[in-house]
Amino acid sequence: MVKIEFLGPINKEAINLDIKNLNELSNILKNDTEISNWLQNCAVAINDTLVSSKDVDLKDGDRVSLLPPVCGG
């Protein structure tokens, strides 16, 4: 299982999914109306390392974090 965390203003509880890569995650989250609006602008980290490809292989115990853009001040 892979843990999916939704950080910042997304405000959704973490979920656990049996997925093999970020393409699978993207397809699942596109159908979630709470999340789909955030997908275009989020950075993605796997085990605290930012990634830019959806083809990264995931393994049991990995943690994926969706990081929405935020403004500081």
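A polar contact is a pair of N or O atoms within 3.5 Å; within protein, one must be able to donate a hydrogen and the other to accept it, and residues adjacent in sequence count only if both atoms are side-chain atoms. Helices (H or I, at least four residues) and strands (E, at least two) are DSSP runs, numbered from the N terminus.

The model is predicted: local features need pLDDT of at least 70, side-chain atom pairs count only at pLDDT 80 or more, and totals for chains, interfaces and linings use all residues. Residues are numbered from 1 along each chain as its sequence is written, and side-chain values use heavy atoms, with hydrogens and water left out.

**Exercise 1.** State which residue caps the N-terminal end of α1.

*Solution.* The cap is Asn 21. One of its side-chain oxygens lies 3.0 Å from the backbone nitrogen of Asn 23.

**Exercise 2.** Find the buried residues of α1 and say where they lie on the helix.

*Solution.* Step 1: buried means under 20% relative accessible area, exposed over 50%, partly exposed in between (1.4 Å probe, protein chains only). In α1 (residues 22-29), Leu 22, Leu 25, Ser 26 and Leu 29 are buried.
Step 2: these residues are on the same side of α1, because they cover an arc of only 100 degrees around the axis; the arc is that of the directions from the helix axis to the C-beta atoms.
Step 3: contact means heavy atoms within 4.5 Å. The buried residues of α1 pack against β1 (2-6), β2 (12-17), α2 (33-36), β3 (43-46), β4 (49-51) and β5 (63-67).

**Exercise 3.** Give the strand order of the open sheet and identify its edges.

*Solution.* Step 1: two strands pair if DSSP finds at least two bridges between them. The five strands run in the order β2-β1-β5-β3-β4, with mixed pairing.
Step 2: β2 and β4 are the edges; each has a single partner strand, so one side of each lacks a neighbour in the sheet.
Step 3: β3 and β4 are antiparallel, over three bridges. Ala 45 stands opposite Leu 50 in β4.

**Exercise 4.** Locate Lys 3 and decide whether it is buried, exposed or partly exposed.

*Solution.* Step 1: Lys 3 belongs to strand β1.
Step 2: its relative accessibility is 37%, so Lys 3 counts as partly exposed.
Step 3: leaving out residues up to four places away in sequence, Lys 3 touches Ala 14, Ile 15, Asn 16, Asp 62, Arg 63 and Val 64. The C-alpha atoms of Lys 3 and Ala 14 are 6.8 Å apart, with the two residues 11 apart along the chain.
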